[in-house]
Amino acid sequence: MTAISHQPLGGKVVTKPFLILGFFLLIAAYFIVRRFLFGMGDVSNMSNGYPIGTWVVLDVVIGTAFGCGGFAMALLVYIFNRRVYHPLMRPALLGGVFGYTLAGLAVMIDLGRYWNAFNLLLPWYAQPNSVILEVGLCVMAYITVLWLEFWPAFLERMPSEFKQRYGLNRLQAFLKRYMYVLVAVGVLLPTMHQSSLGSVLLIMGSKLSPLWYTIWLPLLYLISALAMGYGVVMLEATLVNRAFKTPSEATLFARLARVVAGLLTGYLLLRWGDLAYRSDLGLAFAGDWDGNLFLIETALFLAPLFVLVSHRRTSQRWQFLAAVSLLAGGSLYRLDSYLMAVRPGNGWTYFPSAPELMITIGVVCLEIMLYLLFIKTLPVLHGAHQAQP
Amino acid sequence: MAINRRQFLRGAIGAVTTTAAVAAPVAGAAPFDRREPKTLPPKAVGMLYDSTQCIGCKACVAACKEANGMPVEQPQRLANWNEGTWDTAEDISGKTLNVIRVYQNGAMTRKDREIDGYAFVKRHCLHCVDPSCISVCPVSAMQKDPVTGIVTHNPDACIGCRYCVYGCPFNVPQYQFDEPLGRIAKCQFCNHLQKQGKIPACCDVCPTGASLFGLVEDLQKEADQRMTLKPGDLYEFPRGKLGGDRPGQVAPVGEYQPHIYGETESGGTQVRYLTGVPHEKLGLPKLPDHSFAAVSEGMQHTLYKGMIAPLALLGGLVVLARRSAKSDEKREKDEERPS
């Protein structure tokens, strides 16, 4: 599966943006240390009314949806055999590697009894009805699969004598030969846990507004995760293209636009159709907090849909805007259903504290730093056009 | 990169199979069934809390702290007022498993009246028949006793993910956010005392019998009977344990709301509330007569029944990915040949 050549981007790793990101990371590190020394209450505004805060919702629920680029592209390239999109595959995979790995890191910060985290893997503690157990195990497995899928990038970079000495060339051949198994597992696992992230909310019942609470939550989460996966690939490719003057992928994205438009249509039809079926459409136009959030979400999904079916889909600028709107819509959907449309009652309210947000931001900064480091030093980006110096 | 017709057809067939594998369980889930409701354990123990008999003395709160070794709680804003000496818990928390709250309205001239009245309500675990906390817990830290039905928590299993806090319809489990090594605090109905043949501390100390311990079946009968009495008539309210040897307390019967709270809520609980003020005003949420755990588990059992759907999907994906890899290899060879 290396028909196209990937090349390290090269260039300095420690640049000004890299240092700025590192600065934010240091601030986050300070608050993370405080969290472990003095407890979660010292840095976060989470409470027993809102026991799930930005660490889970932004870094895990939204973070892994941003990490779905690898999942979405693998589905298209390897499962539906659309080879034209292959140049986008490895950068998307790398986004997934970090999106998921750092979501795992955020979970370790968030777990109240982290020293017991290993219990998740012990069969005698397993509680098979738990959606969270399914999500946890599935995400752990997927992180492993993502790194394995990305291994060829490391192996290609290693000097061949080194590989020969340690038998790594055999590993490379093995990975290449059976990559299709990894790819299949790597599509199955996110299908399971991204839908389960919706199923998690089925327990919320009357605590969650009926605009979000539906038995279709798992499917809505799955479709929107896929759409966000394609959105993030568009966003990444455009940013990398502009920042490092690599060849534009705009024509590829114009083709991809149809796929994304299909997903968005399906999502909106299901969301609105379900509401109409339950005769809850009135809630959407109630003009209150929940109703307006719902309408904003719909607008953020409709806008990219219009762009992607119009002739504007060939313009890189419009593609970029569509991707941003799509990602904002998907993120807001997750934020609303996990936090903003949740009413625990008893006068509970929640808004994240500054230190709490700094930890969330720090995790995202680390993600971007690692992404930059990897595309500069490892063969990730499609380098066919700049092969000759 | 041209795909010939045959490849395309094979691809299309694979794609349709995979789509069907995805769509089938989803379509099946549309008229999907909730998991069968759970039933009350054979010797379920519980509590009948009669808000009209509660005098708000909070002896139960103090006794609970002592019996469970919980610390005194002083919210910051009340610290000056009470000079830091009294326990002034306002709600259940990581330090308080049981609390008496007060409802206040207008002039507060009469007890157990919604308008211009006041009322007391007790907050603690209701020991659901079909508990959400058990359904969400990934590591079986929450357990329901198969005989007594008491919902207990095992901190050695708990990973602190707090989904029990998030999912409980009554907001009962409480995580200790102010502790570096915090744990989940919840009422375990003085399980440790019951093992010694004693009754829960809150029911033991209640001077009026507002908190009454007993078998859920008996408590239900007692509650049903109180509902038939005429408000204002004198009645001997049992104290401590229903059917125990303690003398009762003779007091006027309250003017009860027409529904016994806790009987059907969230698939039924092991606690019964009789109140004079509407339940929702007292922070007892309106809930359907099924547990949301049955919805969530119904969905999981539909999608993951015998892992058939995921395995079928995996099979389809492996076939498609392999085909795609083979066509890739072939293309590579074709490209190499001329060079």
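In chain B, three strands make up an open sheet with mixed pairing, in the order β2-β4-β3. Strands here are DSSP runs of E with at least two residues, helices are runs of H or I with at least four, and both are numbered from the N terminus. Two strands pair if DSSP finds at least two bridges between them. Please bear in mind that this is a predicted model, in which local features need pLDDT of at least 70 and side-chain atom pairs count only at pLDDT 80 or more, while totals for chains, interfaces and linings use all residues. Residues are numbered from 1 along each chain as its sequence is written, and chains are lettered from A and ligands numbered from 1 in the order in which they are written.

I turn now to a pair of helices in chain A. Two packed helices are described by the angle between their axes and the distance between the axes. The axes of α12(A), residues 289-309, and α13(A), residues 316-340, come within 8 Å and cross at roughly 155 degrees. Axes are lines fitted to C-alpha atoms, for helices over the stretch in contact, and angles run from 0 to 180 degrees between N-to-C directions. The two helices are therefore roughly antiparallel, a term for angles over 145 degrees. Residues are in contact if their C-beta atoms, placed from the backbone, lie within 7 Å. Among those making this contact are A:Leu300 of α12(A) and A:Leu326 of α13(A). The contact residues divide into 16 nonpolar, two polar and two charged.

Finally, the two chains meet. How many residues does each chain give to the contact? Chain B gives 60 and chain A gives 59. On the side of chain B that touches chain A, α9(B) gives the most, with 14 residues.

Key. Angles under 35 degrees count as roughly parallel, over 145 as roughly antiparallel, 65 to 115 as roughly perpendicular and the rest as oblique. Two residues are in contact if their C-beta atoms, placed from the backbone, lie within 7 Å. Ala, Val, Leu, Ile, Met, Phe, Trp, Tyr, Cys and Pro count as nonpolar, Asp, Glu, Lys and Arg as charged, and the others, Gly among them, as polar.
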